[in-house]
Amino acid sequence: MKMGDPEEAEEHGRRLILHNFLSFQECKELEFIHKSNCTVGYRPHVFSTTLSHLMATNSAHLIMPFVPIRERLKEKVEEFFGCQYELFVEFTGLISWCRGSSIGWHSDDNRPYLKQRDFAVFCYLNSYGNDFKGGLFHFQDGDPATIVPSGGDVVIYTADSRNIHSVDEITDGERLTLALWFSRDATYDEDAKLITLLSQNFLHDNAPELCLPLPASSNMYWFSPDQASSDQQLGFDICWARLHVLGYDLLFHQDKSYCSNISELLMEPLRLTRGDELFEHEFINILHALQVVQFYCWKAPDFKSAKVEETTSVVVLSQSQRERFVCLKSLFVKDVRLVDSVFSNVTFVESAQHSFNWVDFTIAIATWEDYVRKLHRELVMSLPHWRTQQSIFNVSLDEK
């Protein structure tokens, strides 16, 4: 089954498999959001992006692509398990598993603080074999016994001991999923909490349409081989690492070679370099640069076909500039080989390297800004309806 084929369903009593439920573009958009915003996760070699984190980093508009998907998934769960109008979304998040990550047999309600979870949903955003190796999903009993992740497919099951499952170790690449849990208990309703956050912090009357991201604390982006520790003598900053594997380096607007505070550096204006070239456009901080780079990775095929006259400003790096970013690099990464081991998907990186040009990248900056403004407007128009209903749902254009 290939992504883009008609949706198909397999019913297996207490679990449901939906093939091609998400479109290719929906998967790529969520991948863009995750790779440009994620933090270190709850398990070793796992990374996560929650809706509350997007709000906390001035990227609340990026919750909009989740809204119609959450609605469609909730309808499927309610229909399959016969519990219409009874469920609340308890958690929504993007989760990626990199080389070395795995999880043994468990149920999704196997801790006292998880007992509210009644149903689980996992949407695969990329595919076994093409994008990663390992990472097969196994149920302990019943059919299907093993699920091979394929982009666009969805697995839905009860979160209790009737669906004990495990995930094989990832041996290469990055396995991407959208995870949701549903609860019958309204006190765990994620929507109410998110609406409160939005109302309190994000949408003031004078809020600008172009929302530029603001990094969180540096320890949220620091990957350590021992993730029980945030020791910055080991590991690397994942924002820097995601830029590095795509061929980019950073040059801060001012000489920061004396700075040893990574939290401060994450907030500093910077420019991007590739090889001997310095792109003179200034980004407000590292998260701003990362969002544009990942957006370019998502939309690059569109820019290739665009017949647009665009100017770009690229200069050759000076020796002193080279020395500056080499010096700072030692703050962001302690072991480059570890970065390549965790994040580098050779096929994808080679493709990105061969197809890159600064003119297309310049177009990507303007297109990203239009995308952000569009989502921000949708959020502004939707929030009054969400407040009234105390629920996050897809507001039609007529209602807006």
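Visitor: Which residue in the turn between β17 and β18 has a positive phi?
Guide: This is a predicted model. In it, β17 and β18 form a hairpin with 2 residues between them. The phi in question is about 60°. The turn residue that carries it is G275.

Visitor: How many bridges join β17 and β18?
Guide: Strand β17 covers residues 270-274, and strand β18 covers residues 277-283. T273 has L278 as its bridge partner in β18. The two strands pair in the antiparallel sense, and the count is 4 bridges.

Visitor: Which residue of β19 stands opposite F279?
Guide: β19 is made of residues 314-316. It pairs with β18 in the antiparallel sense, over 3 bridges. Opposite F279 stands V314.

Visitor: What is the order of the strands in the open sheet?
Guide: Strands of a sheet pair through backbone hydrogen bonds, either parallel or antiparallel. Here the pairing is antiparallel, and the sheet has 4 strands. The order is β16-β17-β18-β19.

Visitor: Which are the edge strands of that sheet?
Guide: An edge strand here pairs on one side only.

Visitor: At what angle does α11 run to β18?
Guide: Helix α11 takes in residues 358-389. It lies across β17, β18 and β19. Its angle to β18 is about 5°.

Visitor: What share of the residues in the chain is buried?
Guide: The chain has 400 residues. Its secondary structure comes to 11 helices and 19 strands. Buried, here under 20% relative accessible area, applies to 54% of the residues.

Visitor: What share of the accessible surface belongs to carbon and sulfur atoms?
Guide: The accessible surface of the chain comes to about 17,500 Å². Carbon and sulfur atoms account for 49%.

Methods: Residues numbered from 1 in each chain as written. Predicted model: local features only at pLDDT ≥ 70, side-chain atom pairs only at ≥ 80, totals over all residues. Heavy atoms only, no water. Buried < 20%, exposed > 50% of the residue type's maximum accessible area, 1.4 Å probe, protein only. Areas by Shrake-Rupley, 256 points an atom, 1.4 Å probe, with all protein chains shown as cover. Pairing = 2+ DSSP bridges. Contact = heavy atoms within 4.5 Å. Axes fitted to C-alpha atoms, helices over the stretch in contact; angles between N-to-C directions.
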